[in-house]
Amino acid sequence: MTDLSALKARISCRDVLTHKGIHHPAKGNAPCPICGHGTSTPCFGIYGNGQRYKCFSCNSVGDPISLYQALFKCDFKQALAALKVRAGL
Ligand SMILES: [Zn+2]
């Protein structure tokens, strides 16, 4: 198992949101934590067993690592390192 697949097995998009202090409902969409839209019509959803997200307002799509990058304003390497620590890898 590669580092990346081990990480993805342990960290979901929801975990990244929780880490940022954002609650995502168990079902349905929420306001987008990236563009800030969707407070009246929630536009941000998590799919694929927590491994994918999509915002229908700003069209952001990705996985937990790119979500971490967007929320914490860092590059891929920094996101990977931070999530590895968080996942205990
Ligand atoms: Zn958005």
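First, some ground rules. The model is a predicted one, in which local features need pLDDT of at least 70 and side-chain atom pairs count only at pLDDT 80 or more, while totals for chains, interfaces and linings use all residues. Residue numbers start from 1 along each chain as its sequence is written, and side-chain values use heavy atoms, with hydrogens and water left out.

**The zinc site**

Let's start with the metal. The zinc ion is held by the SG atoms of Cys 32, Cys 35, Cys 55 and Cys 58, at 2.3 Å. Donors here are N, O and S atoms within 2.8 Å of the metal (3.2 Å for Na, K and Ca), and since water is not among the atoms, sites may look incomplete. The angles among the 4 donor atoms run from 102 to 124°, and the site is tetrahedral. That label goes to four donors if all angles lie between 85 and 135 degrees; four count as square planar and six as octahedral if opposite donors are over 155 degrees apart and all others between 65 and 115, and anything else is irregular.

Along the sequence, the donor residues follow the spacing C-x2-C-x19-C-x2-C. Helices (H or I, at least four residues) and strands (E, at least two) are DSSP runs, numbered from the N terminus. Both Cys 32 and Cys 55 are buried. Buried means under 20% relative accessible area, exposed over 50%, and partly exposed in between (1.4 Å probe, protein chains only).

**The sheet**

Cys 55 also brings us to the sheet, as it is the bridge partner in β2 of Phe 44. The sheet is open, with 3 strands in the order β1-β2-β3 and antiparallel pairing. β1 and β3 (61-62) are the edge strands; each has a single partner, so one side of each has no neighbour in the sheet. Between β1 and β2, which run antiparallel, there are 4 bridges. Two strands pair if DSSP finds at least two bridges between them.

On strand β3 you'll find Gly 62, which is buried with a relative accessible area of 6%. Leaving aside residues up to four places away in sequence, Gly 62 touches Gln 51, Arg 52 and Tyr 53. Contact means heavy atoms within 4.5 Å. The C-alpha atom of Gly 62 is also 9.2 Å from that of Cys 13, though the two residues are 49 apart along the chain.

**Rings and a lysine**

There are 2 aromatic pairs in the structure. Phe 44 and Tyr 53 make a stacked one, 5.6 Å centre to centre with 25° between the planes. Tyr 68 and Phe 72 are stacked too, with ring centres 4.2 Å apart and planes at 20°. Rings of Phe, Tyr and Trp (its six-membered ring) pair if their centres lie within 6.5 Å; planes under 30 degrees apart count as stacked, over 60 as edge-to-face and the rest as tilted.

How are Tyr 68 and Phe 72 placed in helix α3? They are 4 residues apart, so about one helical turn separates them.

| Residue | Relative accessibility | Class |
|---|---|---|
| Phe 44 | 0% | buried |
| Tyr 53 | 4% | buried |
| Tyr 68 | 9% | buried |
| Phe 72 | 26% | partly exposed |

Lys 20 belongs to the loop between α2 and β1 and is partly exposed at 40% relative accessibility. Not counting residues up to four places away in sequence, Lys 20 touches Leu 71 and Phe 72.

**Other loop residues**

Asn 49 has a positive phi of about 60° although it isn't a glycine. Asn 49 lies in the loop between β1 and β2 and is exposed at 77%. Lys 73 likewise isn't a glycine, yet has a positive phi of about 50°. The loop between α3 (64-72) and α4 (76-87) holds Lys 73, which is exposed at 73% relative accessibility.
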